Each structure stands twice: as structure tokens, then as C-alpha cells.
Amino acid sequence: AQRRFAGTPGDAAHHAAGPLDTAKIRTRFPPEPNGYLHIGHAKSICLNFGLARDYGGVCHMRFDDTNPEKEDQEFVDSILDAVQWLGFGWNANGTEHLYHASDYFEFMYRAAQYLITAGHAYVDAQSADEMRANRGTLTEPGKDSPWRNRPAAESLALFEEMRDGKHADGSMVLRAKVDMASPNINLRDPAIYRIRHAEHHRTGNKWCVYPMYAYAHPIEDALEQITHSICTLEFEDQRPWYDWLLARLVEGGLLAAPLPHQYEFARLNVTYVITSKRKLKQLVDDKHVDGWDDPRMPTIVGLRRRGYTPEAMRLFCERTGTTKSHSLIDYSSLEIALREDLDEKAPRAMAVLDPVKLKLTNWDAVFGAGHVEPCSAPVHPHHEDMGRRSFNLTPEVWIEREDFMEEPPKGYHRLTPPRTDAAGLELAGNKARLKYGYVIECKGCEKDAAGNITAVLAEIVPDTKSGTPGADSVKVKGVITWVSVSEGLSAEVRLYDRLFKEEHPDAGGRDFLEAINPDSKKVVTAFVEPGLATTEAGTSFQFERHGYFVADRKDHVAGKAVFNRSCTLKDSWAK
Ligand code: ATP
Ligand code: MG
Ligand code: MG
């Protein structure tokens, strides 16, 4: 029993659904291919495809392509890619459930002809301004169009002329005849067809009349035998129209029961994030970001480039739940989901983001000149099966600039030079451990003429290597991450932060551009473990102490390492 729509559009026989299939849930994800998907769409994808997966149903991938001027194949491709990346597909039991509103243009046209014939639609030649003025308000009923009661034959002929290209854009529309006095404005004779002399990315120049979204959508759902047509709350007031239209088409024998039902849920809103396509486009066009896939963008391509994983995205979407009440999700929930996913699977590596050179001045005496000391560490501290990584300790290593302080605050356990304290007491330099290596004792630093520190000096404390019996012979509180100067890999590291500094960037009529965080991107030259030289673009790591980083999908190539910070280890924005 094949329930999928396969017959000739307009033939009610395609509704001959088998009893088995009738029990199944059938949802759809219906984007308009007019831009890149964002995190709100991810929520809708996870909801619709997730419901189908969890209840043994099918989710249709459908393009609502009824606006020829704004749509493009580029967007179609990126949307299909985004859905698959999130881990969903539209193939069920060997059937591709990939549809387009434009597949149904012929049917929609004939359904409109039927509505005219049955007295449920008419061609209106009022101007757009007149129509707006006559629609009324929440408290005032609308006024009938002078064309509302023109004979069906006249409307039918005009509608045909519209289709045949005999009328200019905007000169007339086809409207459903419902109720101009309805308290629900959506029922005051909504327009269902408009003239657009525009080329469509799929149907070319075949059509110059296009169905309105409100007309097309219920028909698409019905033809595909969708059971749950899930949309955002703004469409709640459209439901009576949705049901009215389908009921008329059933009366005319164009559709058959069971009909789809519309269900609404609150759209996803996230603090510090903008999800309006128009505003996102402005960020791109005005070059506040480096394109739609800028790692600071809430687009799926942007989040992916930032280092978000499909698992983290799905976890986030599941956790935010599906409700009817408006809610604002805290941005940190997004990062929490990412950390949770990456903590378990990201290999670890050492990286120095703000490097200063550390010279181990007794190297030759301890090891002999030219010696390099092999060190190793687990790839993941809790997963031995991920293996070990190796790197060499050498006489010069990079350490973080903040790991040496001439005037340390109380409780500082990293490197400090020998000095005399306030009471005149001679203090030795601090001892700390080079992680996975030796304990070292700080002996001072070198400076340039301007007084800037150019190198930190220290001595190896022999027989204290990590993993050897002597490791604990000298107790230290500070552990320092490092990368060999001669063997480390230089990398461009992009330190991203939130794009907006306000929780509600576009609240209260404020210009959202004023809320842009000027420090949302900082680029540094860092050094990373030599083993990362063979890293493939798109691979995530935890850089110990610093956070999660991903090899940039676009710019990371052999010979030029580029990493993006996905998120820090802890929430640095906690209130
Ligand atoms: P825009 O109005 O910016 O053009 P849209 O939301 O209308 O965007 P569509 O391509 O029509 O974009 O959306 C496809 C689906 O994604 C719709 O079913 C819509 O309800 C859903 N969706 C869009 N934004 C959100 C959001 N913030 N939260 C939940 N679902 C959303
Ligand atoms: Mg839309
Ligand atoms: Mg919208």
C-alpha cells in the first residue's frame, strides 16, 4: 500500500491510501529556497524529521518555491546539504520524498479554476492600496471589492488571460471569496494567485501566475498526505483558512480525506542571536561578517564552520523542547551542548596562543647537546583506545605569556623569577611542571631595549619526568602547557566570540548593528603540537586549557594551518 502521492495531480485516486500507512505520521520540512538556513530552521528540521523517525513515519523534504524572484538553485543545494549534515534524509524504504511546490502548479491552477466555478473565488482588479484599505482592521469589518460578485465565467476568462500573460504584474489578483466581515483578517478574501512575469528556477517561463504561499501550502500538505503540518505560532490565525480551503477542495472532489492538520509551536529564539533572514543578509552585505558561513553567523553553514557538530545541534534542539509559549533560550545552552559532545570525542592537543619563548638553560648539561626528549600523552584522557600522541621536548619551547610573571599576585603557581620580597628575604624562582615533561625552575627572563620580555629562562630539574618514578619527587602546583620551538607547527587561530554584546540585539526598535560586539573576532599566530600538521579540515580538538577548536573547513590546507575557536572550556559569559 503505497501512500505516497504518485498519481496525476488533480486525480483524487492518489489518495487511495493503504490502511497500514494511514496510521503512520507524515511530516514535512518546507523551506523557501531564498536564503541560508539558520538555527531556527535547525529546530524545525529536528522536530519534523525527529518526529517521523521516532514514530516510524516519514518526513518530506519540500521546497516552497512559489516566489520566483527570490529563489535560487544555490539555496536549494545548501538547504539539502544542511538537512543531511544534521543527520536526516528524505529517503524512506527506497522512495525519495523530495518535493517542490512547483511540482503542483498545474494542480493548483486547476483547483483555482474549480474554486471560481463553484463561486469561491474571483478576479479582483483593485490596486494593492485599495485592497489594503478595504481589508478593514481588527475592529472594523472589511469592504467588499466592486469585483466580488462578477460572474464566474468572467473571472474564469480573466484568470486564463492572467495565465496567458495578457496582464501586467499587479494589475489583478485571484482572491478566495470567504468573508469580508470575518473577525479573522486571514479570512477576508485572501489573495490566492498573483501575476509575476518572472523566470522560475525550476519551471522557467512556463508560468506568469504564481500561487500565494497561503494557498499553496495547504494544498501541498494535502497532496502529500501530510498528517502533521507543523509551523510556528504566527500561523495560528491561518488555521481556519487552511481548513476552509481544503474543505472546499474536498467538496469539489479534488482532494479526499483524511486531510492534514496544522499544529503550531513557538519559534526558537536565542539570546545574542538574530535569526531574521533580512538582518542576516544585511550583516553579510555590509561586511560586518565574512559571508554567510562566517563562524559567527547563526546559519547552519556558519555554525558548522565554527565547529558545531550535528550531534551538538540535535542535542541543543531536543533540549530546548517544543512548546506553545514564547521562550528565549540562553546562548550558553548552545555551547553547553557543544562541549558535552566534544568533551567525549575530541582529541586533545597542546597549543600556545600567546607565545613567549622559554629557554631551558641547563639542557646540554642534563641531556647533552643536540638531544631531544621524547614525551607522550593520551589522545583522550578517558579513552585509552584513542591511543597516544608523541612530541619532543627541546631546549626551547613556547609557553603562554601569562605563564611567567615578574610581580606575581598571591596564589600564582606558574613561573616567577628569583627575587627579594618586601621583607628582604631572598626567594628562589618558582618551580612548575612542563605538562607531560619535566619540572623546571625559573631563573629569570631576557628583555629587549624597551623592557619587553623576549624570553623566559629556566632549568630542568633532573629525574622528574612525568610518568617516571621520580615524577613526584618534587611537588609543584603549577602545570604549564608548551610547544617545541623547533618542532611545533605555526597556525593561524581565530578567536571568535559572540557577534552581539546585547542579549536582545534587535529589541525595542534599536538598530541591531549598534549591538555588534567589536571584539567578536581576533586573529593570532599560535603554535600547536607538530602532530597536527596532518589534520584534515573540519577536525575538532580540545586545545588543553583553552577550549575547543576546529580546523577551518575553508582555509585550513596542507602547509597552512587555520583553527577556529568553537568555544572556551567554561562559559566565560556567565552572569
Ligand atoms: P524568513 O521569514 O526569514 O524568510 P522563514 O522562517 O519564513 O524565514 P522558511 O524557509 O519559510 O523561512 O522556513 C522553513 C521552516 O522553518 C518553516 O516551517 C518555519 O516555521 C521554520 N522556522 C523558521 N524559523 C524558525 C525558528 N526561529 N524557530 C522554529 N522554526 C522556524
Ligand atoms: Mg517562510
Ligand atoms: Mg518568516
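1. Tyr213 lies in helix α7, which covers residues 213–223; the model discussed here is a predicted one. With 16 C-beta neighbours inside 10 Å, Tyr213 counts as partly exposed, since a residue needs 20 or more such neighbours to be classed as buried. Leaving aside neighbours within four places in sequence, the contacts of Tyr213 are Asp64 and Thr66.

2. The UniProt record, an unreviewed entry, places the feature "binding site" at Asp64 and Tyr213. Although these positions are spread over 150 residues of sequence, they cluster in space, the largest C-alpha distance being 7.8 Å.

3. Asp64 is located in the loop that runs between β2 (58–63) and α3 (73–85). Because 21 other C-beta atoms lie within 10 Å, Asp64 is buried. When residues up to four places away in sequence are not counted, Asp64 touches Pro30, Pro31, Glu32, Ala101, Tyr213, Ala216 and His217.

4. For residues 24–343, UniProt lists "domain: Glutamyl/glutaminyl-tRNA synthetase class Ib catalytic", again in an unreviewed entry. In the model this span is 39% helix and 15% strand, and its end C-alpha atoms lie 37 Å apart.

5. Which residues of helix α11 (residues 310–320) are buried? They are Ala312, Met313, Arg314, Phe316, Cys317 and Thr320. An α-helix has 3.6 residues a turn, so residues three or four places apart point the same way. The buried residues of α11 pack against α2 (39–54), α10 (300–306), β13 (328–329) and α12 (331–345). Just after α11, Gly321 takes a positive phi of about 70°.

6. Strand β29 (residues 540–543) has Ser540 and Gln542 pointing one way and Phe541 and Phe543 pointing the other way, and all of these residues are buried. The strand is joined to β14 (residues 348–349) by 2 bridges, in a parallel arrangement, with Arg348 standing opposite Gln542. Towards β30 (residues 547–551) there are 4 bridges, and here β29 and its partner run antiparallel.

7. The strands β29 and β30 form a hairpin with 3 residues between them, and Arg545, in the turn, has a positive phi of about 80°.

8. These strands belong to an open sheet of 7 strands with mixed pairing, in the order β14-β29-β30-β31-β27-β28-β15. Because β14 and β15 (351–352) stand at the edges, each with a single partner strand, one side of each is left without a neighbour in the sheet. Helix α12 packs on the sheet, where it touches β29, β30 and β31 (561–567), and its direction makes about 120° with that of β31.

Key: Residues numbered from 1 in each chain as written. Chains lettered and ligands numbered in written order. Predicted model: local features only at pLDDT ≥ 70, side-chain atom pairs only at ≥ 80, totals over all residues. Buried ≥ 20, exposed ≤ 12 C-beta atoms within 10 Å, placed from the backbone. Contact = placed C-beta atoms within 7 Å. Pairing = 2+ DSSP bridges. Axes fitted to C-alpha atoms, helices over the stretch in contact; angles between N-to-C directions. UniProt positions renumbered as here; feature names shortened; annotations may be inferred.
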